[in-house]
Amino acid sequence: MANAASGMAVHDDCKLKFLELKAKRTYRFIVFKIEEKQKQVVVEKLGEPTQSYEDFSASLPADECRYAVYDFDFVTAENCQKSRIFFIAWSPDTSRVRSKMIYASSKDRFKRELDGIQVELQATDPTEMGLDVIRSRAN
């Protein structure tokens with residue numbers, strides 16, 4: 001099922017891996033990439049549950065767009081253990097204009113395929129998705 005606006009299909013693996021992250025907590029994060037030639041979104045990288053937010057940040061290319069999902073664990077002021085699933089649209093200023101346009105036009109549809117996203121972030125440089133930003137958005 002390709003989206004008329006952007007023509008991007010979503011590979012089944014994207015949904016399967018997201019469900020595993022959400023239901024079984026098999027992964028800490030997932031990085032998704034648009035394969036322009038195949039016109040579809042695919043899984044590029046899976047983060048182990050033991051990996052840190054720094055590992056996640058480091059897995060995003062400095063000059064290419066990506067979508068990513070991060071399962072953020074935190075403790076509330078009431079000392080409750082919680083987690084939030086973040087959807088991050090990574091679109092660095094240095095990436096190609098065409099790439100930014102494709103990612104921007106496909107984002108909403110792709111996000112709808114992933115049922116259970118709790119917080120969305122748009123980032124053009126690492127400071128916009130720093131751990132402090134994630135913490136402040138999680139509550």
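Exposed means over 50% relative accessible area, and buried means under 20%. The views below show a predicted model.

**View 1. Helix α1, from its exposed face to its buried side.** The face turned away from the buried side of α1 carries D12, A23 and K24, which are exposed. Buried residues in α1 are C14, K17, F18 and L21.

**View 2. Length and end of α1.** The helix takes in residues 12-24, 13 residues in total. At 1.5 Å a residue, α1 should span 18 Å. Its end C-alpha atoms are 18 Å apart, so expectation and model agree. R25 follows α1 and has a positive phi, near 55°.

**View 3. Strand β4 and its pairing with β2.** Eight of the ten residues of β4 are buried, so this strand is largely enclosed by the rest of the structure. β2 pairs with β4 in the antiparallel sense, over four bridges. Here F29 stands opposite Y70 in β4.

**View 4. The hairpin of β4 and β5.** These two strands run antiparallel and are joined by ten bridges. A68 has I88, in β5, as its bridge partner. Five residues lie between the strands of the hairpin. In this hairpin, N79 takes a positive phi near 70°.

Notes
Residues numbered from 1 in each chain as written. Predicted model: local features only at pLDDT ≥ 70, side-chain atom pairs only at ≥ 80, totals over all residues. Heavy atoms only, no water. Expected span 1.5 Å × (residues − 1). Buried < 20%, exposed > 50% of the residue type's maximum accessible area, 1.4 Å probe, protein only. Pairing = 2+ DSSP bridges.
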